[in-house]
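Which charged side chains pair up in this fold, and where do they sit? Let us walk through them.

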Amino acid sequence: MVCFCFLVDQKRIMKNSKPIACSCSRCNCSAHVADMCTLTRFCYIPFYWRSWKAIVCCFCGAILKSYT
Ligand SMILES: [Zn+2]
């Protein structure tokens, strides 16, 4: 079971980000609304992915809000 944990990983991809009139609560930089995609991979082969929208900070990468 320990090996299994090393073989499975998750990768987050950000697509189509657009600036919005909102600032980050952590660093006060401008936030962007982005189409996100989470890939779950097994031995680097994606077998599951999920698309979602999120408001992310373009500076520190914090997710301020997410929509499924
Ligand atoms: Zn930030």
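The paragraphs below take the salt bridges one by one.

The model is predicted: local features need pLDDT of at least 70, side-chain atom pairs count only at pLDDT 80 or more, and totals for chains, interfaces and linings use all residues. Residues are numbered from 1 along each chain as its sequence is written, and side-chain values use heavy atoms, with hydrogens and water left out.

A search of the whole structure gives two salt bridges. The term means a side-chain nitrogen of Lys or Arg within 4 Å of a carboxyl oxygen of Asp or Glu.

Start with D9 and R41. Their side chains form a salt bridge at 2.8 Å, N to O. D9 belongs to strand β1 (residues 8-23) and R41 to strand β2 (residues 30-42), so the pair links distant parts of the chain, 32 residues apart. Strands are DSSP runs of E, at least two residues, numbered from the N terminus. D9 is partly exposed at 25% relative accessible area. R41 is buried at 16%. Buried means under 20% relative accessible area, exposed over 50%, and partly exposed in between, with a 1.4 Å probe and protein chains only.

What surrounds R41? Leaving aside residues up to four places away in sequence, R41 touches L7, V8, D9, K11, P46 and F47. Contact here means heavy atoms within 4.5 Å.

Now the other pair. D35 bridges to K53, with the closest N and O atoms 2.8 Å apart. D35 lies in strand β2 and K53 in strand β3 (residues 45-57), so this bridge ties together parts 18 residues apart in sequence. D35 is partly exposed at 23%. K53 is partly exposed too, at 42%.

Key: Helices (H or I, at least four residues) and strands (E, at least two) are DSSP runs, numbered from the N terminus.
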